[in-house]
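Subject: Structure handover

Hi,

Here is the structure I promised you. Please open it alongside this note and check the residues as you read.

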Amino acid sequence: MTKQITELTEAQKAAMPAYRDKWIAIGLSCDRVNFEMAKADLIKAYQCAGREPPQKIEFARGPEEAIRMTKEEGKRNGLKLSSSDILNTTMFGSQEAGWLSFYNFFEEQCGIDFPILEGLNRLAHSSGWITVYDTYACIHDKPLYIKFDDQNRLHCENGPAIEYGDGTVVYSWHGVGVPDAWIADKENALTAQIALTWSNIEQRRAACEILGWAKVLEKLKAKVIDKDEDPMIGTLLQVNIPDIGKEQFLKVQCGTGRIFAIPVPPDVKTALEALTATNLIVRVKHILRSISVVSSN
């Protein structure tokens with residue numbers, strides 16, 4: 001009879017955070033892959049699934065190299081594979097952590113066995129992505145690094161948020177995937193016109209933030225809600241952003257004369273209120289101090 005669990009003990013509940021932390025670390029691991037170890041774990045995964053292991057297993061430094069190698073192998077066998085074909089036959093190794101953690105918890109804490117998952121569990125520890133076919137497989141190395149913002153969203157403001165050893169890169173702005181050039185070549189690839197008319201709304205907002213709201217506001221017919229006598233407290237502006245609607249910004253001037261704008265809550269009525277809202281005054285002082293240091297150097 002299959003063992004059934006209807007309720008967790010307090011000790012089992014208390015153990016959950018440890019499993020969460022363990023599997024987050026596995027999923028975000030950037031350790032280099034030991035090919036021979038990963039190869040053995042892949043063979044085990046095939047065996048657990050009741051399949052014969054592939055006759056040929058190769059290693060790639062990243063997804064782009066794996067796609068190229070798999071296409072070449074396909075050609076040798078009379079197959080014309082597209083990149084999407086190959087990605088559709090790819091397992092995610094360490095990045096399967098999200099769902100494998102669930103079964104690992106119940107296996108170790110509740111004594112429920114999942115022998116079919118043994119190979120995948122081992123691969124999560126030892127490998128990056130894996131492209132799999134009946135007679136061929138390609139093990140991918142893990143990323144060189146993965147970068148996040150302070151809210152744990154995929155983000156890097158001056159380069160790729162993810163990079164692999166084969167040159168595969170992923171650019172992301174606070175969790176939103178963006179065209180590489182917006183960050184890698186911002187001065188030439190991104191303008192206020194592009195930012196304001198971009199079809200994807202999430203990417204449009206990211207583009208405005210990358211470019212800087214002060215530049216974007218120059219292109220919008222901003223309505224002045226309140227203007228403080230002190231330029232370092234600034235001017236509260238309201239604008240209508242296409243497909244997004246009304247937004248408010250605080251436009252301020254630092255000690256060097258540089259102008260920049262910060263999004264603020266929609267219910268503030270004055271520039272001073274906007275500055276103090278959500279602890280903005282601390283953020284602005286930090287920004288002004290940073291700008292002053294950079295300018296003085």
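Below are the helix contacts first, then a pocket and a cavity.

Please keep in mind that this is a predicted model.

**Helix α1 and its two partners**

Helix α1 covers residues 10–27, and helix α6 covers residues 118–126. The two pack at an angle of about 65 degrees. Their axes are 8 Å apart. Angles of 65 to 115 degrees count as roughly perpendicular, so α1 and α6 are roughly perpendicular to each other. On the α1 side, the contact uses Lys22, Trp23 and Ile26. On the α6 side, Asn121, Ala124 and His125 take part. By class, that makes three nonpolar, two polar and one charged residues.

Helix α5, residues 97–110, also packs on α1. Here the angle is about 140 degrees, and the axes are 9 Å apart. α1 and α5 are therefore oblique to each other. Their crossing is right-handed. From α1, the contact takes Gln12, Ala15, Met16, Tyr19, Lys22, Trp23 and Gly27. From α5 come Ala97, Leu100, Ser101, Asn104, Phe105, Glu108, Gln109 and Cys110. This contact has eight nonpolar, five polar and two charged residues.

**Helix α2 against α6**

How are α2 and α6 oriented to each other? They pack at an angle of about 160 degrees, with axes 7 Å apart. Angles over 145 degrees count as roughly antiparallel, so α2 and α6 are roughly antiparallel to each other. α2 passes α6 in a left-handed crossing.

From α2, the residues that meet α6 are Met37, Ala38, Ala40, Asp41, Leu42, Lys44, Ala45 and Cys48. Their counterparts in α6 are Glu118, Gly119, Leu120, Arg122, Leu123 and Ser126. The classes here are eight nonpolar, two polar and four charged.

**The second largest pocket**

The second largest pocket has a volume of about 150 Å³. Its lining consists of Leu42, Ala45, Tyr46, Ala49, Arg51, Met91, Ile116, Leu120, Val132, Tyr133 and Asp134. Which helix gives the largest share of this lining? That is α2, residues 35–48, with three residues. The lining has nine nonpolar residues, no polar ones and two charged.

There is a link back to the helix contacts. Leu42, Ala45 and Leu120 line this pocket, and Leu42, Ala45 and Leu120 also belong to the contact of α2 with α6.

**The cavity**

How many cavities of 30 Å³ or more does the structure hold? There is one. The largest cavity has a volume of about 40 Å³. Pro63, Phe92, Ser94, Gln95, Gly128, Trp129, His140, Asp141, Lys142, Pro143 and Tyr164 line this cavity. By class, the lining of the largest cavity has five nonpolar, four polar and two charged residues.

Best wishes

Methods: Residues are numbered from 1 along each chain as its sequence is written. This is a predicted model: local features need pLDDT of at least 70, side-chain atom pairs count only at pLDDT 80 or more; totals for chains, interfaces and linings use all residues. Side-chain values use heavy atoms; hydrogens and water are left out. Axes are lines fitted to C-alpha atoms, for helices over the stretch in contact, and angles run from 0 to 180 degrees between N-to-C directions. Helices (H or I, at least four residues) and strands (E, at least two) are DSSP runs, numbered from the N terminus. Angles under 35 degrees count as roughly parallel, over 145 as roughly antiparallel, 65 to 115 as roughly perpendicular and the rest as oblique. Contact means heavy atoms within 4.5 Å. Ala, Val, Leu, Ile, Met, Phe, Trp, Tyr, Cys and Pro count as nonpolar, Asp, Glu, Lys and Arg as charged, and the others, Gly among them, as polar. A crossing is left-handed if the near helix is turned anticlockwise from the far one by less than a right angle, and right-handed if clockwise. On a 1 Å grid over the protein atoms alone, a cavity is a set of points where a 1.4 Å probe fits but cannot get out, and a pocket is an open set with protein on both sides within 12 Å along at least five of seven lines; lining residues have an atom within 4 Å of a point. Grid points are joined across faces, edges and corners, and a volume is the space filled by probe spheres set on the points.
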